[in-house]
Amino acid sequence: MINEENIKNKIKKELGKIVYNFSYKGTSYLIETIYILYKSFQKKPNDCNFEDEIYPIVAQKYNTSTNNVKCNIRNATDKMFYDCDEKVLREYLRDYEFSKPGAKRIALKILERL
């Protein structure tokens, strides 16, 4: 059985490495998104459509809209991008071409590390 609290703590630890702000709703939504992926889509998370398959589940849990979940995660990710040192983020994502990452890219990288 998956220990939800243990997995979410591991996700938070990974997000902390790249300077996500835990006071943002979007960061909480992203933690929930990654947890759902971990729990439900372990076989092929790359094939998952976040807007259609994951964000509605998160929205229902937090009693908000799918669009609100998406926008808050995007805002938290944008803030992380500007707060995190480029070298740290590049090393974390293992990128040669550096560009602003989207939530899916972050989520999949964290899933690799869990």
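Helices are DSSP runs of H or I with at least four residues, numbered from the N terminus.

## Basis

This is a predicted model, in which local features need pLDDT of at least 70 and side-chain atom pairs count only at pLDDT 80 or more, while totals for chains, interfaces and linings use all residues. Residues are numbered from 1 along each chain as its sequence is written, and side-chain values use heavy atoms, with hydrogens and water left out.

## Helix α5

Helix α5 spans residues 86-93, and its buried residues (under 20% relative accessible area, 1.4 Å probe, protein chains only) are L89, Y92 and L93. These cover an arc of only 90° around the axis, taken from the directions from the helix axis to the C-beta atoms, which puts them on the same side of α5. K87 and E91, both exposed (over 50%), lie on the face turned away from the buried side. The buried residues pack against α1 (4-17), α4 (66-83) and α6 (103-113).

At the N-terminal end, D85 caps α5, with a side-chain oxygen 3.0 Å from the backbone nitrogen of K87. After α5 comes R94, which has a positive phi near 55°.

## Helices α3 and α4

The axes of α3 (residues 50-62) and α4, lines fitted to C-alpha atoms over the stretch in contact, come within 8 Å and cross at roughly 100°. The two helices are therefore roughly perpendicular (65 to 115 degrees) to each other. Contact (heavy atoms within 4.5 Å) involves E51, Y55, P56, V58 and A59 of α3 and T66, V69, K70 and I73 of α4.

## Residue C71

C71 is located in α4.

Terms used
Polar contact = N/O pair within 3.5 Å; in protein donor to acceptor, adjacent residues only side chain to side chain. Axes fitted to C-alpha atoms, helices over the stretch in contact; angles between N-to-C directions. Parallel < 35°, antiparallel > 145°, perpendicular 65-115°, else oblique.
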